[in-house]
Amino acid sequence: MSHKPQAVGAKAELILAADLIEKGYWVFSPITNHDGPIDLVAVNQSGEILLLDAKADNKRLNKNRITPSRIYRVRTKIQKELGVRIAYVNADGKVSITDH
């Protein structure tokens, strides 16, 4: 049994947390298991609160396309209700937070 998907997800969360800390956020991780709607909670000194779902940024080559395009993740109903944003982390460590 391979743990690669979990390892990729954990790495994306850690990179996202480091990026947010560098930008001046305090970062918190839920203590429950990983089937919850939020991976990280970030708060800055101004009181801005970010509820984030970290995703490794993957691409696929769609039919009739020359270049691969991002695989966009869909938020669950509860994520939409809570205002959770998707944070994509690419292989180079670049973070991109969606603005739904």
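In what order do the elements of the chain run from the N terminus on? In this predicted model, the order is α-β-β-β-β-β-α-β-β. Among the contacts that join residues at least 6 apart in sequence, 38% link residues at least 24 apart.

The largest nonpolar core has 13 residues. Those that touch the most other members are Leu16, Leu20, Tyr25, Ala42, Leu50, Leu52 and Val89. Two or more residues of this core are given by each of helix H1 (4–22), strand E2 (40–43), strand E3 (49–56) and strand E6 (85–89). The greatest contribution to the core is that of H1, with 4 residues.

Leucine 16, one of the core residues that touch the most other members, has its place in helix H1. With a relative accessible area of 0%, leucine 16 falls under the 20% limit and is therefore buried. When neighbours within four places in sequence are left aside, the residues in contact with leucine 16 are Leu40, Leu52, Ala54, Ala87, Val89 and Val95. Two of these partners, Leu52 and Val89, are likewise listed with leucine 16 among the core residues that touch the most other members. Leucine 16 and alanine 56 are separated by 40 residues in sequence, and their C-alpha atoms lie 10.0 Å apart in space.

Threonine 98 lies in the segment after strand E7 (95–97). Its relative accessible area is 14%, under the 20% limit, so threonine 98 is counted as buried. Leaving aside neighbours within four places in sequence, threonine 98 is in contact with Arg85, Ile86 and Tyr88.

The largest pocket has a volume of about 380 Å³. Its lining consists of 20 residues, and Gly9, Glu13, Asp39, Ala54 and Lys55 are those that lie nearest the centre of the pocket. H1 and E3 are the elements that give two or more residues to this lining. The largest share comes from H1, which supplies 6 residues. Sorted by class, the lining of the largest pocket contains 7 nonpolar, 7 polar and 6 charged residues. Ala54, one of the residues nearest the centre of this pocket, is also in contact with leucine 16.

The second largest pocket holds about 170 Å³ of space. The residues that line this pocket are Val8, Lys11, Ala12, Ile15, Ala56, Asp57, Asn58, Val89, Asn90 and Ala91. H1 again provides the largest share of the lining, here with 4 residues. By class, the lining of the second largest pocket divides into 6 nonpolar, 2 polar and 2 charged residues. Val89 belongs to this lining and is also in contact with leucine 16.

Definitions and conventions. Residues numbered from 1 in each chain as written. Predicted model: local features only at pLDDT ≥ 70, side-chain atom pairs only at ≥ 80, totals over all residues. Heavy atoms only, no water. Core = buried A, V, L, I, M, F, W, Y, C linked by side-chain atoms within 4.5 Å. Buried < 20%, exposed > 50% of the residue type's maximum accessible area, 1.4 Å probe, protein only. Contact = heavy atoms within 4.5 Å. 1 Å grid on protein atoms, 1.4 Å probe; cavity = no way out; pocket = protein on both sides within 12 Å on 5 of 7 lines; lining within 4 Å. Points joined across faces, edges and corners; volume = space filled by probe spheres on them. Nonpolar A, V, L, I, M, F, W, Y, C, P; charged D, E, K, R; others polar.
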